[in-house]
Amino acid sequence: MKCLVSLPEALWVLLTFVSCLSIVAATDYFERLDLTPLPLGSLLASFEFRSNESLEAYASQDFRYFPRSLGQVLQHAGTKELHLRFTTGRWDTETWGARPWDGTKEGATGVELWAWIESDTEQEAMRKWLTLNQGLSGLFCASMNFIDETRTTKPSLSFQRTGDHRNASLHLLHGVLPGKAGVASLLDGHKVFDASWQSMSVDVRPRCVSGQNCLVEIDQTIDMVLNIARAKRPREDPIPRPVQPYELICDETKPYHSQDTCYPIDALETPAWSLKDVFGRPAAGACPLAEEGGPEAKSLCLNIPHSQGVWIGAGGFEVRSPPGEAEKRCYQMIAGEPFDFDMPKTSVRTHKQIELEEELITAERTMTGHGAAKGGMRTVFTNPSATEPVNLVLFESLPWFLRPFMHTLKAQIVESEFPFEWEIIKDLYYRPAVDRRRGTQIEVVLSIPPASVVMVTYDFDKAILRYTEYPPDANRGFIVAPAVVRILDKADASGNAKAIYLRTTSLLLALPTPDFSMPYNVIILTSTVMALAFGSIFNILIRRFVAFDEVPENKIGKLVKSARLRVATLKEKITGTKADKTE
Amino acid sequence: MAPQPKTIAAYVAAVVLRLSIFYFFPNIISVLIDRVEISTPISSYKRLLEGLFLFERGVSPYDGGVFHQAPLLLVIFEILPPAAIFTLLDVLNAHNLTVIANKLRLPTPRFQKLDETQIATAYLFNPFTILSCLGSSTTLVTNAAVIQAVASAAAGNAFGAMFAIALGTYLSLYPALLLPPLILYWAQSKAAKLETKNTLSLLSLYAGMIAILLLVSTLLVGDLKNFISSCYGAQISVTDLTPNIGLWWYFFIEIFDAFRSFFIGVFWIHLVGYVGALTVRLPEQPLFVIIALLGLVTIFKPYPSTSDVSLYLGVLPLYKHVMPLTRYTFLAASVLLYSSLLGPAFYQIWIYAGSGNANFFYAITLVWSLGLSMLVGDSLFAVLRDEWEMLRPEMRGKEVRQI
């Protein structure tokens, strides 16, 4: 690939571009980094960069805080609201707790994109959508041009507009490109992105304050879970080496602990770290564009209990949140002064950990059955709450060569402490696939009773494709995009409706494969069988019957006859002379 | 004519066998429904259920890639239980075969009056018939229409014959190929001379029936364009390449994209080409033309299944008097037996065990097609020889040649 600017670079370039230019109202730009230590020596780093442009300036292409290249693509494709996600890895709910941003800034493994496109007809919307994909594909150096009609759906229940729109003729289109090249390759070589899980998002939406003062807002986030020990490896010697036996820290309370048996407890300890250790360099100081005072100015926050000590360097002030449930401390940096802090080593046993928020529901999606001809899809939802049922929308976008049978769709409670009858499937929106033209779209509204495990299953057939439609590594299988789960009816602290999303892992679908070396052989063999049938039947049909002795002699017959005669006479001669000799 | 008590006993035995497996061994049924040898994309019962599911919820079943069957089937299966439909259709087919057998009179001295019980039993207890019935292949409805058409033609009932063949055409297209010999057969059994006038009236009757069926379907699903392209388009252009026992699927997986349309055309022309040739060569025996065409369709149609074979093997005994004149029946029977046993095994090792590849199953479909074409060709030879012996009775039992 010839692309040199990777997505993260693109983002950084974008930001420096912003921070080097004109002077405007400080509220037009906002940035923030949240650091949350997670169990088992991990660290969640959430970057957020947000900037605004007034609608008039955006329309007249007077871009100051909005990247020009992206703005032009969006205007060309008539896109009013855009949500783009690059995600890789799996968020480990059991260890890490609830997802950052309630899952709203996270995508399916691979690339996920949804946008509201202004157009009068569906065909025009689709055309603009393809234009948009191709434009973004070039901009972000990802193969998003492969998001074609078969990978595009029009969700009706799962995604909602987050911006303020005036025009009603907007078409929502959603596309996923599971596991394609793009993110993983883009991140190669970047220490920062050597993460266990990471997600990048770009959201563009119009916002109107009091219906008059309209802005176009671009919000970019990068979330990643870093392994501190791995991030701390020196850059010049990144190869991990086994810990020497004398360096091992063993759990001596284990009954089997002895001279030669060790239960290592290093995972229980988070090593000491600083910004320089984790990101390769200290923070460069406050951004001159960001606000200088007020709560938004504190652009670096640490989510740790107040009881934990941190040594901060010169170049920043610490501001602690009031003691309470979610204790955190933020740092206001001074422009132009590098800032860093040292986080001492912490242990699960000696330090109070920050309470992880529990996920409202967990979802796992797997394929069942064996063999390459058919299978089943199974999604298991676990509602940990003892009292609250969870209503959700399960959104699946399936490739056309996976043919689900909706009459086999079943939801059953696998285990439950909830004693009453419960109607699980509330509603179903289904748009079947058309071969080679369109993928399947399934949206199921489900209600999961409290303290229960619910299993949603359906059967499917796997289509066999034309041999040119298989990728070069056909037997590896095809990646099926993750399901999106949107939790309904949840409100935030102030009572407003709150969107909570989570996504399952992507799946690998093995299709039956033909023999790829056979095209000529198959053409020849099948044609031979047809020719044999055709030949023998028409041979029988067009010839007439005669008795065996009435068959007129043909030339070859005559030749054979004369040759036979000659051989016979020759034989006679030889045997005759032989006979003479013996006499 | 009422069936003989023996025949009725055969019907009852067949019904008991089928219904008891339907109700007491549902596992066998669910296995058979998924077999590619029985269920093709255009006859699969599972796909019918999916279509029914969508239809009952007001969604057009044709706006998708799964359902390719005619809307009338939706209505039938919405009302009646499937086990009853399939069992009854099998018995109806057997009964119509006995009607044809009882009416059949051939001028050849070899012909003896057929035993209706034999004909019914040969159809009802043929393993292919039983498997297709239990595997709930909806091709059975087409088969019933075809047999009904032949039986009506044998009775000289023009309306019944044209309605049944129109229904068959509406369900799976290929019965349209049987129209010329069917009209001849009707004329023969009515002892009427076939003139342009009554041929045209029969054809317009047929076209009218088709139009009515399409109209009713449009009223049912309200989606004529999608229905035509999904139901007939899929059958003509072979969009779904799910393996079956025919010759098309692997060929069109492997064919180069540039030649796909060309070869689809060639394959269809090849199949259609037999109609004219057989009808012209055997104008005196239109019933045998129908039988031979059914055999050829079984080999060369895009989505053949055991259900089509059961139809061919059901009508073939009507010409059992030519059996002594055949040459390769043992070979053909062995090949068919061999491939019907190895076919499922090779499919298993390709799809489930992974120890073989697609070529294994493909090779068996080739052998199967060869075996069937041997049977068709051989029976055709026997019938032609029988015709020739009627001209030259002294040639009976003598060695012959074709030049």
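In the predicted model, B:Ala149, B:Ala153 and B:Ala154 of helix H8(B) meet B:Leu182, B:Tyr185, B:Trp186 and B:Ser189 of helix H10(B). By class, this contact of H8(B) with H10(B) holds 6 nonpolar residues, 1 polar residue and no charged residues. H10(B) spans residues 179-190, and its axis comes within 7 Å of the axis of H8(B), with a crossing of roughly 30 degrees. The two helices are therefore roughly parallel, an angle under 35 degrees being counted as such.

H8(B), which covers residues 139-154, also packs against helix H5(B), residues 82-103. Here the angle is about 25 degrees and the axes lie 9 Å apart. Because of this angle, H5(B) is roughly parallel to H8(B). The crossing of H5(B) and H8(B) is left-handed. On the H5(B) side, the contact is made by B:Phe86, B:Leu89, B:Leu92, B:Asn93, B:Asn96, B:Leu97, B:Val99, B:Ile100 and B:Lys103. H8(B) contributes B:Leu140, B:Val141, B:Asn143, B:Ala144, B:Ile147, B:Gln148, B:Val150, B:Ala151 and B:Ala154. The residues of this contact divide into 13 nonpolar, 4 polar and 1 charged.

H14(B) passes H15(B) in a right-handed crossing. From H14(B), the residues in contact are B:His270, B:Leu271, B:Tyr274, B:Val275, B:Leu278 and B:Thr279. They meet B:Val289, B:Ala292, B:Leu293, B:Leu296, B:Val297 and B:Phe300 of H15(B). By class, the contact of H14(B) with H15(B) comprises 10 nonpolar residues, 2 polar residues and no charged ones.

In chain A, two open sheets were examined. One consists of 4 strands in the order E17-E18-E23-E20, with antiparallel pairing. Its edge strands are E17(A), residues 362-368, and E20(A), each of which pairs on one side only. From one strand to the next, the twist averages 15 degrees. E17(A) pairs with E18(A), residues 374-383, in the antiparallel sense over 7 bridges. Within this pairing, A:Thr366 has A:Arg378 of E18(A) as its bridge partner.

The other sheet has 5 strands, arranged as E21-E22-E19-E25-E26, and its pairing is likewise antiparallel. E21(A), residues 425-431, and E26(A), residues 500-503, stand at the edges with a single partner strand each, so one side of each is left without a neighbour in the sheet. The twist in this sheet averages 15 degrees from one strand to the next. E21(A) and E22(A), the latter covering residues 440-448, pair in the antiparallel sense over 6 bridges. A:Asp427 stands opposite A:Val445 in E22(A).

Between the chains, 46 residues of chain A are in contact with 49 residues of chain B. Strand E20(A) (402-416), helix H9(A) (519-542) and strand E28(A) (545-547) each supply at least two residues of the side of chain A that touches chain B. The largest share of that side, 15 residues, comes from H9(A). By class, the residues on the chain A side divide into 32 nonpolar, 7 polar and 7 charged.

E28(A) pairs with strand E1(B), residues 400-402, in the antiparallel sense over 3 bridges. In this pairing, A:Ala547 stands opposite B:Val400 in E1(B).

An unreviewed UniProt entry annotates residues 522-542 of chain A as a "transmembrane region". In the model, this span is 100% helix and 0% strand, and its end C-alpha atoms lie 29 Å apart.

Technical notes: Residues numbered from 1 in each chain as written. Chains lettered and ligands numbered in written order. Predicted model: local features only at pLDDT ≥ 70, side-chain atom pairs only at ≥ 80, totals over all residues. UniProt positions renumbered as here; feature names shortened; annotations may be inferred. Axes fitted to C-alpha atoms, helices over the stretch in contact; angles between N-to-C directions. Parallel < 35°, antiparallel > 145°, perpendicular 65-115°, else oblique. Left-handed = near helix turned anticlockwise from the far one by under 90°. Contact = placed C-beta atoms within 7 Å. Nonpolar A, V, L, I, M, F, W, Y, C, P; charged D, E, K, R; others polar. Pairing = 2+ DSSP bridges.
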